[in-house]
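Please open the structure in your viewer and keep the selection tool handy. We will go from stop to stop together.

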Amino acid sequence: MRCGYGWEQSYEIEHHVDADGRTFVLYVADGRIVPSPLNRPACRNCDGRVVRILRPGRVASARDAAHRERRVPAAGPVEAPWAPETSAPLP
């Protein structure tokens, strides 16, 4: 959150049981065993330790929204419809 960099990473979570019957979990990303993304996450850009973990697809949708062309009306005077004046009194 310090530098504003955003990325997405998918993990496979493998549940195992060791020889003593204890369960353990492995996190696999890009075919490699990696540390849990929830323990001491770090920014890939600045190595900052304050990161926000979001649901899948949120980074891509925010990036798409930021790059979408926004149509804003041009600034200028507002035109009002012209109505001819009448000399008749109003009721």
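Here is a short tour of the strands, their hairpins and an aromatic pair.

Before you click, note that this is a predicted model, with local features needing pLDDT of at least 70, side-chain atom pairs counting only at pLDDT 80 or more, and totals for chains, interfaces and linings using all residues. Residues are numbered from 1 along each chain as its sequence is written, and side-chain values use heavy atoms, with hydrogens and water left out.

Start by selecting residues 12-17, strand β1, together with residues 23-29, strand β2; the two pair in the antiparallel sense over 6 bridges. Strands here are DSSP runs (E, at least two residues), numbered from the N terminus, and two of them pair if DSSP finds at least two bridges between them. Between β1 and β2 the hairpin has 5 residues, and G21 there takes a positive phi near 85°.

For the last stop, show the side chains of Y5 and W7. Their ring centres are 5.7 Å apart and the planes lie at 25°, so the pair is stacked (centres within 6.5 Å, planes under 30 degrees apart, using the six-membered ring of Trp). A search of the whole structure finds 1 aromatic pair. Y5, at 40% relative accessible area, is partly exposed, and W7 is partly exposed at 26% (the class between buried, under 20%, and exposed, over 50%, with a 1.4 Å probe and protein chains only).

Conventions
Rings of Phe, Tyr and Trp (its six-membered ring) pair if their centres lie within 6.5 Å; planes under 30 degrees apart count as stacked, over 60 as edge-to-face and the rest as tilted. Helices (H or I, at least four residues) and strands (E, at least two) are DSSP runs, numbered from the N terminus.
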